[in-house]
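Okay, everyone, let me put the next one up on the screen.

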Amino acid sequence: MSAPNLSALLESKYGASGWKTYQEDINLVPGSCTVNQPGPNSLTSTVAQQSQWTVPTSSFSGTSPNYTNVYNGSHQYNFATKHDGQLFFTATNGGSATAPNFSPSNPQAQFYAPLQQLSADLATNTGLAKYNLITPNQFNDMHSSLNTNFTYNGVTWAHNTDQQAIAIGDNFLSMIVPQIMASQAYKNNGAIVIWFDETEGGNTSAFTIPEIVISPLAKGNAYTNNILYTHSSDLRTLEELFGVFAPGGGFLGDANTPGTNDLSDLFRPDAISGVPEPTTWAMMLIGFAGLGFAFRQTRPKVSFA
């Protein structure tokens, strides 16, 4: 796609600090993020140096005895490009219209960090961008189950079942959400947004999906409303926060459709619409089958994901 997209707008306005994506298993691509990696039998979970990051425009999956997932304990890996939207725009994938470009020299490689890098960036409160997309692999994002049984909270779930896929996703959240909440980025007026990006039943208004906001800036007390939200509501909110808009004005895509609501009603008055300086917001979105994290902070500046 050569059409305008959120990350490209952020990069144009804020440079390298505009956006970043943390993707699980991208450092397992043979010959990309790990030096001298001849094939899947030499996979490693070591965090790759930034000079080794690439733009993973191909999906891959498999099993290796030399790789153990730090979240679910399995030896399986499964990265899907379809869960990382930036890979489908030439402005944010280095111009790769068709053929994969796994070269670290790709100018966009600096924006594609392995998921393990998130822990280091949260701990030091550095490296985070204004908009951060966190992409678990297809097991930890509740999309697929493992080929082995999985035990969570004392209950063992059989392999290749939806129940196990849900348990694996819950397990992932139980580990990564507290890590984010313990960070300075979150504590400084942060927010966590948990949302699902698809249903098994269909994509019409008859099938709704949850979105949960956790934040000191949220209204709290289990507040809910009957306002219609779509994923374009999140896009509209992000554009408002960071002051980036479609060429010629307005919002991108369906976010510009009349009646598309932003998320301001879920927060205290002026938490979103009254932000005097969009750069004081920091957000993290976990592209879960689905999950999203949002941060607001003053200094240093970070952003939604």
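One cut-off before we start: I call a residue buried when its relative accessible area is under 20%, exposed when that is over 50%, and partly exposed in between. Take K219: its relative accessibility is 33%, so K219 counts as partly exposed. And please keep in mind that this is a predicted model.

We have a chain of 305 residues, and 52% of them are buried. The fold has 5 helices and 11 strands. If you take contacts between residues at least 6 apart in sequence, 65% of those join residues at least 24 apart. As for the surface, the accessible area is about 13200 Å², with 53% of that belonging to carbon and sulfur atoms.

Now zoom in on helix α1, residues 6-14. Its buried residues are L6, S7, A8, L9, L10 and Y14. What sits over them? The cover includes strand β1 (19-23), strand β5 (131-135) and helix α5 (231-242). Then, just after α1, look at G15, which has a positive phi of about 70°.

On to salt bridges. How many does the structure hold? There are 3. Let's start with K20 and D121, whose side chains meet at 3.0 Å, N to O. That pair ties together distant parts of the chain: K20 is in strand β1 and D121 in helix α2 (residues 116-124), 101 residues apart. Both K20 and D121 are buried.

D265 has 23% relative accessibility, so it counts as partly exposed.

And then there's E240 with R236, at 3.9 Å, N to O. These two both lie in helix α5, 4 residues apart, or about one turn of the helix. E240 is partly exposed because its relative accessible area is 27%.

The volume of the largest cavity is about 70 Å³. Which residues lie nearest its centre? E24, Y67, V70, Y71 and Q116, out of a lining of 10 residues. That lining splits into 4 nonpolar, 4 polar and 2 charged residues.

Okay, that's my tour; over to you for questions.

Terms used: Residues numbered from 1 in each chain as written. Predicted model: local features only at pLDDT ≥ 70, side-chain atom pairs only at ≥ 80, totals over all residues. Heavy atoms only, no water. 1 Å grid on protein atoms, 1.4 Å probe; cavity = no way out; pocket = protein on both sides within 12 Å on 5 of 7 lines; lining within 4 Å. Points joined across faces, edges and corners; volume = space filled by probe spheres on them. Nonpolar A, V, L, I, M, F, W, Y, C, P; charged D, E, K, R; others polar. Buried < 20%, exposed > 50% of the residue type's maximum accessible area, 1.4 Å probe, protein only. Contact = heavy atoms within 4.5 Å. Areas by Shrake-Rupley, 256 points an atom, 1.4 Å probe, with all protein chains shown as cover. Salt bridge = Lys/Arg side-chain N within 4 Å of Asp/Glu carboxyl O.
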